[in-house]
Amino acid sequence: MADYVLVLDEGTTSTRAMLFASDGVFVASAQKELTQHYPREGWVEHDAGEIWEKTLACALEVIPKAGGAACISGIGITNQRETVVAWDKATGEPLTRAIVWQDRRTEPFCIELRAEGHEKDVQKRTGLLLDPYFSGTKMRWMLDNVPEVKAAAEKGTLALGTVDSWLTYKLTGGAHVTDASNASRTLLLELAGAQFDQGLCDLLGVPRSALPEVIDMSGELATSDAALFGSPIPITGMVGDQQAATIGQACLSPGETKATYGTGAFVLTNQGEVIPQSHNRLLGTVLSQIGGKRTYAIEGSVFVAGSLVQWLRDSLGIVDVASQTEELARSIPDSGGVIIVPALAGLGAPHWRAEARGVICGLSFASGKPQLARAALEAMAHQTSDLAKAFSADGTPWGTLRIDGGMAANTWMAQDLANVLNIPVERPDFVETTALGAAMLAAAGSGLYPDLAGAAEAMRGNLKRFEPDMSDDVRSDRLERWRKALAAA
Ligand code: ADP
């Protein structure tokens, strides 16, 4: 019986195939690292051919564990968002390396567009800011700078898309589609628009004819080529990674919020069917589209989270492994006045100060490894607290916060988040919420459940809850010292 779901989780550093049973139990996975290319400062590229080959190899490794393709009811694709792939529809081959979401090369174009006064209108229509992070300016860069891309555009064979599109194209042998959540990260889709917007395409100089069709994220979306896996498997879920994690945390009602602490931190609050308009430099984004009906989210992204712990490990040698920060933090009653502002790559939401740099303040002779480790973990609650204020000011206060991501394994940090935010924090036992969200969409889309709510109900695992336990004085003292340090960043 076809009651397994296959998730293809294409992340920034690796690609995975994961097999889930219909009740959400994780069965098997295969994973391969992806090569990161850094041709110049601020540039980050991936080889789209490698992404496809490694995704296919991972899928081929786990499908037999389900008993073969016929035992899989649907494929769910989830992916690093904003990364752009250009390929030739005539050959099915990439025309150049993919430009990764982290890549900053289009900053001059963004500055130009901002100087021309476009940001306000673009933000209103797309929910996004004119920042190199988003896909549209990356597409334009390829057209301007890669002769093969330009030539394909002239011949009419150019295909542009995010990684969900690229994988679907390869899986199906030619479908050119994207799900609405990925499409909403391009600067080319109006939050209310069904398809890419001609005016926005003209503004950014991207040919609409090269873009995919925008489709639902759950349902009978496409079908894999029979030759790949022995028999065709329907593709029944497609979703950007942060939206997947939000769904995987079952944040399906307005106001429900998740925060993923990985390399960076991404917070999304469900807005229901209301199109978000942030007045506090948060982003508006599509959360889901099923049966043509959309829900939205407000999103705040913090650039540095787990990567601060990595820096303590690799550059300062304060810990050998990331998890040691927990015992160091627990070994002292407080950070001894040490505050770290982790602006190592500028500050993201809600500050958006690209030029800001990191600060460590409050050092004394008593400051050592435990104080620095604790201050690094405390910085996560401080950054999240700034986001909480911005979300509240936008009319979406958080009742509880559901956390996930590699860093959420740190139980001391989870409790500190509850303490500083002064709300309960919940952590699922199964922290792979991105893959689980894609599995829920694929399970609902293939008919294993009547709808997404049913899939989420059945597939969601157990939670651990952290209740706030900090006096108001301690909390306000910490946040006051954070505000002062932030001003110095
Ligand atoms: P990504 O998906 O962005 O690659 P992950 O979700 O795998 O990241 O999280 C990895 C990050 O979490 C690393 O930056 C690592 O430093 C941090 N991390 C992992 N475990 C812990 C821990 N127990 N305490 C603190 N940080 C941790």
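**Entry 1: the ligand**

I note here that the model is a predicted one.

Gln310 has a polar side-chain atom 3.2 Å from an oxygen atom of the ligand. For Gly406 I found a polar backbone atom at 2.7 Å from a ligand oxygen atom. Asn410 has an N or O atom of its side chain 3.0 Å from a nitrogen atom of the ligand. On its own the ligand has 580 Å² of accessible area, and the protein covers 68% of that.

**Entry 2: Val319**

Is Val319 buried or exposed? I read a relative accessible area of 2%, under the 20% limit, so Val319 is buried.

I listed its contacts, leaving aside neighbours within four places in sequence: Leu312, Arg313, Gln324, Thr325 and Leu328. I also checked Val319 against Lys369, which is 50 residues away along the chain, and their C-alpha atoms are separated by 8.2 Å.

**Entry 3: the nonpolar cores**

I looked up the largest nonpolar core, which has 90 residues. Which of them touch the most other members? I found Leu158, Leu160, Tyr261, Trp398, Leu401 and Ile403. Helix H13 (residues 369-393) supplies the largest share of this core, 12 residues.

Apart from this core I found another one, of 38 residues, with Cys58, Ile63, Ala69 and Ala98 among them.

I took Trp398 for a separate look. Not counting residues up to four places away in sequence, Trp398 touches Thr257, Val267, Thr269, Thr384, Leu387, Ala388, Phe391, Leu421 and Ile423.

**Entry 4: helix H4**

I went through helix H4 (residues 135-145) for buried positions and noted Ser135, Gly136, Thr137, Lys138, Met139, Met142 and Leu143. What do these buried residues pack against? The strands are S6 (84-88), S7 (98-99) and S8 (158-162). The helices are H2 (107-115), H5 (147-155) and H8 (198-204).

**Entry 5: Arg478**

I found Arg478 in helix H17 (residues 472-488). Its relative accessible area is 5%, and under 20% counts as buried, so I put Arg478 down as buried.

What does the side chain of Arg478 make a polar contact with? I found the side chain of His382, at 3.0 Å. With residues up to four places away in sequence not counted, Arg478 touches Ile339, Glu378, Ala381, His382, Asp416, Val420 and Met470.

**Entry 6: backbone angles**

I checked the peptide bond from Ala349 to Pro350 and found it cis, with omega near -5 degrees. Pro350 is in the loop between strand S17 (339-341) and strand S18 (359-361).

I then noted Leu187, a residue other than glycine with a positive phi, near 75 degrees. I placed Leu187 in the loop between helix H7 (180-183) and H8. Leu187 is buried, with a relative accessible area of 1%.

Ala250 also has a positive phi, near 55 degrees, and is a residue other than glycine. I placed Ala250 in the loop between helix H10 (241-248) and strand S13 (257-261). Its relative accessibility is 12%, so I count Ala250 as buried, the limit being under 20%.

**Entry 7: Ala366**

My last stop was Ala366, in the loop between S18 and H13. Is Ala366 buried or exposed? I read a relative accessible area of 60%, and exposed means over 50%, so Ala366 is exposed.

I also checked Ala366 against Ala151, which is 215 residues away along the chain. The C-alpha atoms of Ala366 and Ala151 are separated by 63 Å.

How values were computed:
Residues numbered from 1 in each chain as written. Predicted model: local features only at pLDDT ≥ 70, side-chain atom pairs only at ≥ 80, totals over all residues. Heavy atoms only, no water. Buried < 20%, exposed > 50% of the residue type's maximum accessible area, 1.4 Å probe, protein only. Contact = heavy atoms within 4.5 Å. Helix = DSSP H or I, 4+ residues; strand = E, 2+ residues; numbered from the N terminus. Core = buried A, V, L, I, M, F, W, Y, C linked by side-chain atoms within 4.5 Å. Polar contact = N/O pair within 3.5 Å; in protein donor to acceptor, adjacent residues only side chain to side chain. Areas by Shrake-Rupley, 256 points an atom, 1.4 Å probe, with all protein chains shown as cover.
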